[in-house]
Amino acid sequence: MQKEIYMREALIEAEKAREKGEVPIGAVVVLNGEIIGRAHNLRETTKNAITHAEILAIQDACKNQDAWRLEGAELYVTLEPCPMCSGAILLSRIAKVYYGAADPKAGTAGTLMNLLQDSRFNHQCEIEPGILADECGAILTSFFRDLRAKKKQQKEP
C-alpha cells in the first residue's frame with residue numbers, strides 16, 4: 001500500500017531523530033508520488049522549540065519546489081500534528097495529512113481538537129489517522145521507556 005511506503009519513510013526519519021537523542025518523530029511531504037521534503041525532530045539539537053519534523057519537512061519541500069504553496073501535497077508524519085504544526089500545514093496549503101500515532105497531549109488533527117478541518121480557516125485538509133499506528137507508537141514508547149530508565153540509573157548511587 002502506497003500510504004504505508006511513505007509512512008515507512010517517515011519512520012526512517014523518526015529513527016534518525018532517535019539516533020540523535022531526539023524524540024523520534026519523522027515526516028515526509030509527497031507531491032505527485034514523489035517525496036519533495038523530509039525531516040525529523042531537531043529540538044534538542046538546535047535548542048529551538050519550533051524545529052518539529054513537520055515544520056522542517058515543509059521547509060524542505062518549499063525549498064525544493066521554490067514555492068510556499070504546497071497545493072496537492074500530502075504530509076506523512078509519525079505522530080499527530082501539534083497546534084503549531086497544524087498551523088504550518090494549513091498555511092502551506094497541504095491537501096492531506098496522514099499520521100501514525102494519535103497524540104492525546106497535543107494532537108490537533110482530531111484528538112484534542114481538529115484545527116486542520118476547521119471551516120473558519122480559509123484552507124482545510126483531509127486527514128487519515130492510524131497509518132502504521134502500532135509501529136509509530138512503538139518507537140515513541142520505547143524511546144521514552146529508555147529515557148526514563150536512563151534517568152533512573154543516573155539517580156541511583
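1. At 4% relative accessibility, Glu54 counts as buried (under 20% relative accessible area, with exposed over 50% and partly exposed in between; 1.4 Å probe, protein chains only). This is a predicted model, in which local features need pLDDT of at least 70 and side-chain atom pairs count only at pLDDT 80 or more, while totals for chains, interfaces and linings use all residues. Residues are numbered from 1 along each chain as its sequence is written, and side-chain values use heavy atoms, with hydrogens and water left out.

2. Glu54 lies in helix H3 (a DSSP run of H or I, at least four residues, numbered from the N terminus). An unreviewed UniProt entry lists Glu54 under "active site"; such annotations may be inferred rather than shown by experiment.

3. Not counting residues up to four places away in sequence, Glu54 touches Ala27, Leu75, Val77, Leu79, Glu80, Pro81, Cys82 and Cys85 (contact means heavy atoms within 4.5 Å).

4. Ser86 is placed in helix H4, residues 83–91. Ser86 is buried, its relative accessible area being 0%. Leaving aside neighbours within four places in sequence, its contacts are Pro81, Thr108, Leu115 and Leu116.

5. The volume of the largest pocket is about 430 Å³. Of its 19 lining residues, Val23, Ile25, Leu79, Asp103 and Ala106 are the closest to the centre. Helix H3 (53–65) and helix H5 (133–155) are the elements that give two or more residues to the lining. A pocket here is an open set of points on a 1 Å grid over the protein atoms alone, where a 1.4 Å probe fits, with protein on both sides within 12 Å along at least five of seven lines; lining residues have an atom within 4 Å of a point. Points are joined across faces, edges and corners, and the volume is the space filled by probe spheres set on them.
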